[in-house]
Amino acid sequence: MARITLDNLAHSYMAKPGSEDDYALKELNHVWEDGAAYALLGASGCGKSTLLNIISGLLQPSQGRILFDDRDVTHAATAERNIAQVFQFPVVYDTMTVRDNLAFPLRNRGAKAEYVAQRVNEIARMIGMEEMLNRKARGLTADAKQKISLGRGMVREDVSALLFDEPLTVIDPHMKWELRTQLKGLHNQFGHTMIYVTHDQTEALTFADKVVVMHDGRVVQIGTPEELFETPEHTFVGYFIGSPGMNVIPARIEGNRAYVNGAFVELAQGYGALEGKVEIGVRPEYARLSQTEGLPVNIRRIEDVGRHKIVRADFFGTDINIIAGEDDRISADMNRVSFDAAHVNVYADDWRVKGAA
Ligand SMILES: Nc1ncnc2c1ncn2[C@@H]1O[C@H](COP(=O)(O)OP(=O)(O)OP(=O)(O)O)[C@@H](O)[C@H]1O
């Protein structure tokens, strides 16, 4: 396994990029720790594939270096990087059996027959294809073929890293959860450095130790699922993670108060003068409806989603969401909302500002 260092990395698809906007991947410095499982999460077009292709060697960055441990691989071909990749759509040899497909990467490297047999059985068990080992891949469902691709990606124990690019897209929804859990189990067992690209927050949060959130060509936060939930470093992380996402409300900050339309919300910390677009961010889980406490709010709609209720409301002209318990009664006179001060974040031009205790 390897530690992967992205040093001053950036990429533009243009021959002569001018401004920062011309870069599909904006300058990035980061170390991907040896043996950790990362998810690369972001909306379509944010630059996830560009970054993954640079790591795998399919794309040469227009700026910066990439190191596997201390080795500079910036200009090394994919084959020299010793990585395994699983793509969105299955890549299998139709005329070979499932067994031969799984064995291919090992035989290709001259592994001993005994080891190949043992390892193929182990992987087949993991992807639930033990019964199909002697069948030809041709004629199998897309689902089954993608499981073979996943198995082939994972069969070698000596790779520097395992890269997955939306690998569960073609997998049946009920199998997704199972395969994701198996991938996680495999990671715990073998400690591969894994990078898993997805635009699905559930996939990212359940799979990864650390989630790398990308937005508009930039890495906006790298954190544990809990960090992304509690302290989104950028308003995009707040919107994108959570269901529904964080409420973002324009405000003016004075010390430890956030003024919204003349009324104020208490903050747990004090803040100095802030420049630019100033907002507070509070997750729907940390907002509470009541008859007496807090600031006025107009309830528009209540949705019962089973585990809890989502209250859609207007707060001084901003749409906000409030999560109420499944058994909470919401009466017409509950027209006030309060926020848990310890969980109100402050943003200036979309970036979180740290307060002073
Ligand atoms: N070969 C290319 N030539 C020019 N522009 C490209 C090329 N590939 C990607 N882009 C642009 O670079 C930006 C980032 O694209 P990228 O494919 O890395 O995003 P992504 O997050 O992987 O999106 P998706 O989830 O849709 O694959 C987008 O604006 C895209 O249009």
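A: Start with the classes: Ala, Val, Leu, Ile, Met, Phe, Trp, Tyr, Cys and Pro count as nonpolar, Asp, Glu, Lys and Arg as charged, and the others, Gly among them, as polar. Also, this is a predicted model.

Q: OK. By class, what is in the shell around the ligand?
A: The shell has 3 nonpolar, 7 polar and 1 charged residues.

Q: Which residues are around the ligand?
A: Tyr 13, Ala 24, Gly 42, Ser 44, Gly 45, Cys 46, Gly 47, Lys 48, Ser 49, Thr 50 and His 199.

Q: Switching topic. How is the protein divided?
A: Into domain 1, residues 4-240, and domain 2, residues 247-353. Their centres, taken over C-alpha atoms, are 38 Å apart.

Q: How many residues does the contact take from each domain?
A: Domain 1 gives 6 residues and domain 2 gives 8. On the domain 1 side, the residues divide into 1 nonpolar, 4 polar and 1 charged.

Q: Now helices. How do helix 2 and helix 4 cross?
A: Helix 2 covers residues 98-108 and helix 4 covers residues 142-154. Their axes come within 7 Å and cross at roughly 30 degrees. Angles under 35 degrees count as roughly parallel, so helix 2 is roughly parallel to helix 4.

Q: Left-handed or right-handed crossing?
A: Helix 2 passes helix 4 in a right-handed crossing.

Q: Which residues make that contact?
A: From helix 2, Val 98, Asn 101, Leu 102, Phe 104 and Pro 105. From helix 4, Ile 148, Gly 151 and Arg 152.

Q: And how do the residues of that contact divide?
A: Into 5 nonpolar, 2 polar and 1 charged.

How values were computed:
Residues numbered from 1 in each chain as written. Predicted model: local features only at pLDDT ≥ 70, side-chain atom pairs only at ≥ 80, totals over all residues. Near = placed C-beta within 6 Å. Domains from an automatic or database assignment. Contact = placed C-beta atoms within 7 Å. Axes fitted to C-alpha atoms, helices over the stretch in contact; angles between N-to-C directions. Helix = DSSP H or I, 4+ residues; strand = E, 2+ residues; numbered from the N terminus. Parallel < 35°, antiparallel > 145°, perpendicular 65-115°, else oblique. Left-handed = near helix turned anticlockwise from the far one by under 90°.
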